[in-house]
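I opened this entry to keep a record of what I looked up, going from single residues to the fold as a whole.

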Amino acid sequence: MPKILVTRRTFPEAAEVLRASGAEVVIWEDADAPSHEDLIAAVADIDGLYAHITNQVNAEVMDAAPNLKVIAEFGVGYDNIEIAAANERGIAVCNTPGILSESTADEAFALLASMARRTNDLPAMVKRGEWGDFDPLGYLATDIHHKTLGIVGMGSIGSEMAKRAAGFNMNVLYYNRNRRDEEFGATYVDSLEKILERSDYVSLHNPLTPETTNMMSTDQFKLMKKSAILINTTRGPVVDQDALYEALVSGDIAGAALDVTVPEPIPADHPLLTLDNCLIMPHVASATGDTRMKMAMMSVENVLAGVAGDWPPYCVNQTEIAGNARIKS
Ligand SMILES: NC(=O)C1=CN([C@@H]2O[C@H](COP(=O)(O)OP(=O)(O)OC[C@H]3O[C@@H](n4cnc5c(N)ncnc54)[C@H](O)[C@@H]3O)[C@@H](O)[C@H]2O)C=CC1
Ligand SMILES: O=C(O)C(=O)CO
């Protein structure tokens, strides 16, 4: 009987499908995610790992799990998994692409709109009882329509962001690692520098990789318009947060809205939290009930296929491990 570890609580429907498969299923029900040491201790005899962003699934974890055949990440980003180590060991790594793109783009666009139209700071002013008489020059916001949105990373979520921007009559530019053939209603720009210089809003949708770590730092903020707003719903380390703080305080850029930070959760005394022009959400871009349920079911599908010896439907390293996959041995 294969054994599966699920490292956070999940939907009852997902747990039921896992248990109905006949596998032994262990679900980490504690309020807090397992520490790295807890994870290493818990994987000793598992065949399948249903993992979350809070787990650093590195070579050490994999070596503690000699039977491990498949890692199913609950999410599309899998930067928390040491993919080279999984490839070396023939462990299949899977994710949940596509199904969360619309919810994530909805949140990214909501962040853009909130910063533009000041639903991030003005309601607090009203609650403090500081709403003064009508003032033609007071509480001015920034338009969304006919402004330029720069999308960095034109993949599944970036393309959903482009659709939302089109509905708001925005001009859309995109920069991607490689130019895309598809028609996104967006104009390709061939460098990060150029898209930063031209955009009123910059929204990041590229994955976190060694190349994109601190991709947005002092030099990049200085290229942006002083009126520009940054939206980050990808991963915290893509933005150099100290440089962002300086850029927001010095006025190099006008504002930032972040769904992701370093670390997560961000400490309550972090300097970014003192700024009115910075809006921070607790990594919830995919967090609608419907989407999270679909992600759970996709993770279940992936882990069950792997422990049964089949290729998981959303395997990201099938080509790399074709010759040494543990699910086939
Ligand atoms: N905040 C949240 O709750 C969520 C965050 N995410 C993040 O969003 C990321 C993107 O997700 P998807 O759109 O589904 O991925 P995707 O793989 O469909 O798209 C990523 C795009 O970025 C491009 N890219 C890669 N490296 C680049 C670089 N150095 N410069 C410019 N472009 C580059 C790729 O060519 C690709 O077109 C995930 O990796 C994850 O980190 C995803 C879902 C929810
Ligand atoms: O899918 C991801 O990459 C997330 O961050 C959570 O949905």
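**Single residues, then the fold**

I began with V126, which at 39% relative accessibility counts as partly exposed, where buried means under 20% relative accessible area, exposed over 50% and partly exposed in between, with a 1.4 Å probe and protein chains only. V126 lies in helix α6, residues 122-127, and I noted that its C-alpha atom is separated by 45 Å from that of Y50, 76 residues apart along the chain. Helices here are DSSP runs of H or I with at least four residues, and strands are runs of E with at least two, numbered from the N terminus.

Before going on I wrote down the conventions: this is a predicted model, in which local features need pLDDT of at least 70 and side-chain atom pairs count only at pLDDT 80 or more, while totals for chains, interfaces and linings use all residues. Residues are numbered from 1 along each chain as its sequence is written, chains are lettered from A and ligands numbered from 1 in the order in which they are written, and side-chain values use heavy atoms, with hydrogens and water left out.

I then looked up G289, which is placed in helix α11, residues 289-307, and counts as partly exposed at 48% relative accessibility. G289 and D106 are 183 residues apart in sequence, yet their C-alpha atoms are 14 Å apart in space. In the loop between β12 and α11 I found H283, which has a positive phi of about 45° although it is not a glycine, and which counts as partly exposed at 24% relative accessibility.

H146 also has a positive phi, near 65°, in a residue other than glycine; H146 sits in the loop between α6 and β6 (148-152) and counts as exposed at 55% relative accessibility.

**Strands**

I read an open sheet of seven strands in the order β8-β7-β6-β9-β10-β11-β12, with parallel pairing, two strands being paired if DSSP finds at least two bridges between them. β8 (187-188) and β12 (278-280) stand at the edges with a single partner strand each, so one side of each is left without a neighbour in the sheet. Within this sheet, four bridges join β10 (residues 229-232) to β11 (residues 255-258), and L230 has A256 as its bridge partner in β11.

Strand β4 (residues 70-73) is covered on both faces, with V70 and A72 buried on one side and I71 and E73 buried on the other. Four bridges join β3 (residues 48-51) to β4 in parallel, A51 having E73 as its bridge partner, and three bridges join β4 to β5 (residues 92-94), also in parallel, where I71 stands opposite V93.

**Whole protein**

Of the 329 residues, 50% count as buried.
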